[in-house]
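Good morning, everyone, and thank you for making time for this. I would like to walk you through one structure, taking the charged pairs to begin with, then the strands, and then the surface.

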Amino acid sequence: MMWVLLPTNTYKHKWLPKLKSRFSSNYFGKQGVMMLIFTFPPLLVAVLSCVYLHLAAKLKPTAKKSDDEEKETRVLATWRKPMLVKGPLGIVTGIELAFLVMFVVLLFWSLFTYFSSSFKSIDATDPAFLGGLKKWQLKLDLGGLWLGLVGNICLTLLFFPVARGSAVLQFFGLTSEGSIKYHIWLGHAVMTFFTAHGICYIVYWALMGQMSQQMLKWSRSEISNVAGEISLLAGLGLWATTFPRIRRKMFELFFYTHYLYIVFVVFFVFHVGFTYACYMLPGFYLFLVDRYLRFLQSRRHVRLLSARILPAAGQTLELSFSKSPGLKYSPTSVLFLNVPGISKLQWHPFTVTSNSSLETDELSVVIKGEGKWTKKLYEMVSSSAAADHHFDVSVEGPYGPASTDFLRHETLVMISGGSGIAPFISIIRDLIFTSSHLQLKTPRLILISSFKTTADLAMLHLLLPITAASSAATANLRLTIEAYITREKQAAATSPFHNNNVRTKWFKPSPTHAPISPILGPTASWLWLAAVVSSSFLAFLVIIGILTGYYIYPEGKKSGELGFPMALTAFLYMLVLCACVAAASSGAFLWNKRKSGRDQTIQIRNVEGATPTAGGSPVGGGAVYEMTEELESLPLRTIEEATNLHYGVRPNLRKLLVEYCTEGGSTGVMVSGPAGLRHEAAAICSSGLADDSLQFESISFSW
């Protein structure tokens, strides 16, 4: 099949006519078969994954696993140990390393097979077959072709990791945040092969004296060189801003140039034709469905209820939004926020700190002012002018793991640096619910946190929700906090917990704002997603079948005649594809929105009636309320009793982890913070201490 796209003068006159005479141009001919071969199986896996996740969501957690399940867990824990800690790939587990090695072997095997078979056929043929070309020139021509084909293998998988709500990721136990590194690896591979592909042809055209002719060629029925050049330039512009130094220092440049992926994909399809682009269609199709559903969710502003504002030195705040009770999510989930008052295009991910079962009507995220966008948001929320300002906020998500299994450990050690404490807040609140409501035994919790100054200890105020019920629920929680203040040598005269400078503001949002709710309904969202994927793809097949049979290749036209422009065919196919995705997604979204509209109206009235005016005085005409410190201090007492303060030192992770793992049982280790902290903990866990009882739990919030 790959020979269909040979772009050289030699092969287009010798091989393409033979292939065209054998392949039917009608949709239900060989091209239609090729399209189904490369698109149907992955999409079928996506649909079945949705069904599996829907059934799995109905299972209730059990207190004890069977012996077979325990054995399987221990085997998986061995494979999940970090094998590579430092280097360009970051922390790589045994499973990831095994698949990475197999994928690299696949690429090199494909490249070797293509090169060896094609070069042997050139060496064995007679000079007349070369069409006046030298062997090295034809080898350079074919070498460029094969580099492009191998790059297309990487492109086939490129969009799977960035489909945030994809069932495929969660089926394999992956999250969108944790899969970003796979997208990065694949992206580097794609652009390396495609750049080499382009360079080979530029050199070949220059040596043949056909530079200007070939560079400006846009063929009607074959490879379009101009389209390939535009696609490559867009990819290079995108690729240049993805390297860590540029991405971290100029995030906005990285963010905006990433939209060049639209140009890259569209002109890639123009370059090779839609039929050959079916190699990468499944991943991009699922990404397109996910992206459009996210677009629908983000069109409506959500209700911002309150903000807990920490002291200005840390510039940290916790935003609480209204949510529908049917919205369920797992700990360590991520919510993407957009504040039009700062930027209409920028979306930033933040870890959800609330628990969907413990706090049924609210969803909270922690935001630390570490960049221009977050510092501007802190200034807007903490400013006294906020009383007269309605905060328009849009969200996408939340996205997270399908399930978590913290209960399998006897001890759970959570290591954080600075704002890295955010994902552990959601874990602690989830275990509070597990122990108090499900009556299940929870592991002993050890939180090791590093802070620069005493003022940063205010982050600990966010560990528990501000409710009296939550404080009572912490009675069975075995929590120990080891807090390290690295830039101060001694403790202050008074306890840092007694100097409570945390303020809570309650907002009265616009009536047009709505609670955060599931995109496709609370009860059968996975089944709705399966319906969207399957129905949109089926509609796409039917429409392009009709379009091809009655317009592109009407009856009476020779099946081998390619008179219709290939680029126009690709454009029509892409247009039909987008239209089918938009129609199916919009239909499912509007149907679920209509069903949940009544519940949201009732909830909005309840929230407005429950605005905590008692004990607090309204500020700024009733738009913002300051909370009394009595309710704020309830969870603070529990935190103060559980905290051990250490001044002027950094945590000795090796000593601490060895101490905790020798207490018996499995010890899970989770790290969130700077790269050096993550690498140190991963190296300790992979060193084989305490008979492998240390199990590194990979979470990825900073890559």
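A search of the whole structure finds eight salt bridges, a salt bridge being a side-chain nitrogen of Lys or Arg within 4 Å of a carboxyl oxygen of Asp or Glu. Before I go through some of them, please keep in mind that this is a predicted model, in which local features need pLDDT of at least 70 and side-chain atom pairs count only at pLDDT 80 or more, while totals for chains, interfaces and linings use all residues. Residues are numbered from 1 along each chain as its sequence is written, and side-chain values use heavy atoms, with hydrogens and water left out.

Let us begin with R294, which forms a salt bridge with D290, the closest N and O atoms being 3.1 Å apart. Both residues lie in helix α15 (residues 281-298), four residues apart, which is about one turn of the helix; helices here are DSSP runs of H or I with at least four residues, strands are runs of E with at least two, and both are numbered from the N terminus. D290 is buried, with a relative accessible area of 8%, and R294 also counts as buried, because its relative accessibility is 6%. For these words, buried means under 20% relative accessible area, exposed means over 50%, and partly exposed is in between, with a 1.4 Å probe and protein chains only.

Which other residue forms a salt bridge with R294? That residue is E396, and the closest N and O atoms are again given as 3.1 Å apart. This pair links distant parts of the chain, since R294 sits in helix α15 and E396 in strand β8, 102 residues apart.

A further salt bridge joins R429 to E359, with the closest N and O atoms 3.0 Å apart. R429 lies in helix α17 (residues 422-436) and E359 in the loop between β6 and β7 (362-368), so this pair ties together parts that are 70 residues apart in sequence. Both R429 and E359 are buried. Through shared partners, salt bridges also join R164, D290, R291, R294 and E396 into one network.

Strand β8 brings us to the sheets. An open sheet of three strands runs in the order β6-β5-β8, with antiparallel pairing, where two strands pair if DSSP finds at least two bridges between them. β6 (348-351) and β8 (394-399) stand at the edges with a single partner strand each, so one side of each is left without a neighbour in the sheet. Strand β5 (residues 334-338) pairs with β8 over four bridges, and L337 has V395 in β8 as its bridge partner.

Elsewhere, strand β10 (residues 444-451) is largely enclosed by the rest of the structure, because seven of its eight residues are buried. β10 pairs in the parallel sense with strand β9 (residues 411-417) over seven bridges, and with strand β11 (residues 479-485), also in the parallel sense, over seven bridges. L412 stands opposite L445 in β10, while F451 stands opposite I485 in β11.

Finally, let us look at helix α19 (residues 525-552), where I543 is found. As for the span of residues 526-552, it is 100% helix and 0% strand, and its end C-alpha atoms lie 36 Å apart.
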